[in-house]
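Here is a short report on a ligand site and a helix pair. Please view the model first.

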Amino acid sequence: MQVNSQPFLLFTGSSHPDLATHVAGYLSVPLGKVALGRFPDGEISLQIQENVRGKEVFVLQTIALDPHAYLMELLIMIDALKRASASSITAVVPYFGYCRQDRKDKPRVPITAKLVANLLVNAGATHLITMDLHASQIQGFFDIPVDHLSARPLLVEAVKSLNLSRLVVVAPDIGGVKLTRSYAVHLGVDFAVVDKHRINSSHVEMMAVIGDVKGKDVLLADDMCSTGETLVSAAKACQEKGARSVYAAVTHGLFVGDALSKIEQSGIQTVLVGDTIPVQERCKQCKKITVVPLSSLLGQAIHCSVTRESISSLS
Ligand code: R5P
């Protein structure tokens, strides 16, 4: 008798069908069948339409653009898989939404990153694969294994193809120093930092540039671009200090509101962005945006997980 002929199953919610299809293609597996719908009052209804008993299961869902719905869909899917006796449930969350409130930095604020971690574990997730968390300490909010991937290796390759001869990597804020240093190390160049002061969630004010950018090709490296304020203001600060060109590399492109038109009008030449978040039509129209596919990295992480190989070697 053959037990579990297919070693694992890959399911997805409705957050990012393109990415899920590419990951499934990389792994040469079909996506698991799920009936996903809505009750007349808007609640999510769901049924897993495959036998998952005793199987290793992966659920890919990115928590962006409509974060409440996609988070709830993910929780409901994990609950269904747990109740159907899957042997393990790995949540593959390329963009971990609700990550920005990760500490109590003001009175009476929530720690939503911890709340989401609790929800995922309580629903039944036994393992998390995610990418470029807003703060890597969020891994510690989970008491299950977390594999924290970095898009940096693929974004660095894309940067190299730009052939920038006087490159310096710049962190657009102090919190980005660790990420920026890793880009600088892998590109073999210096790094600098912009001292950002955030006025509110959609406005930032740049203070000083710490380090030398004069006459250089600046690469701003960041985990995400949301309103675009951070990148555009950092680009302006670098240009005022004499940078000869400005590029950017970000893992997660939320591009909310008028972010893209701000980028279009800015001195930034190109933003290299991962595809952890669905590439909206208006992104495809924007000449300054170059999408770097990350499905191979997610596919490799799932493969390593199934074959019990090291995932840290992917960074
Ligand atoms: C901040 O700590 C993050 O790393 C990003 O710089 C920030 O979230 C980007 O947001 P926005 O595009 O709205 O400035």
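A backbone N or O atom of glycine 228 lies 2.9 Å from an oxygen atom of the ligand. Two side chains also make polar contacts, meaning pairs of N or O atoms within 3.5 Å.

| Residue | Protein atom | Distance to a ligand oxygen atom |
|---|---|---|
| Aspartate 223 | side-chain N or O | 2.5 Å |
| Threonine 227 | polar side-chain atom | 2.6 Å |
| Glycine 228 | backbone N or O | 2.9 Å |

The protein covers 88% of the 370 Å² of accessible area that the ligand has on its own. Areas follow the Shrake-Rupley method with a 1.4 Å probe.

The model is predicted: local features need pLDDT of at least 70, side-chain atom pairs count only at pLDDT 80 or more, and totals for chains, interfaces and linings use all residues. Residues are numbered from 1 along each chain as its sequence is written, and side-chain values use heavy atoms, without hydrogens and water.

Around the ligand stand 13 residues, of which Asp222, Asp223, Ser226, Thr227 and Thr230 come nearest. A residue is near if one of its heavy atoms lies within 4 Å. Strand 11 (217-225) is among the elements that supply at least two shell residues, with strand 9 (191-200) and helix 6 (229-240). Strand 11 gives the most, 4 residues. By class, the shell has 2 nonpolar, 5 polar and 6 charged residues.

Now the helix pair. Helix 2 (residues 67-83) packs on helix 3 (residues 112-123) at about 25°, with axes 8 Å apart. Helix 2 is therefore roughly parallel to helix 3, a label for angles under 35 degrees. Their contact residues divide into 8 nonpolar, 1 polar and 2 charged.

Definitions and conventions
Polar contact = N/O pair within 3.5 Å; in protein donor to acceptor, adjacent residues only side chain to side chain. Nonpolar A, V, L, I, M, F, W, Y, C, P; charged D, E, K, R; others polar. Axes fitted to C-alpha atoms, helices over the stretch in contact; angles between N-to-C directions. Parallel < 35°, antiparallel > 145°, perpendicular 65-115°, else oblique.
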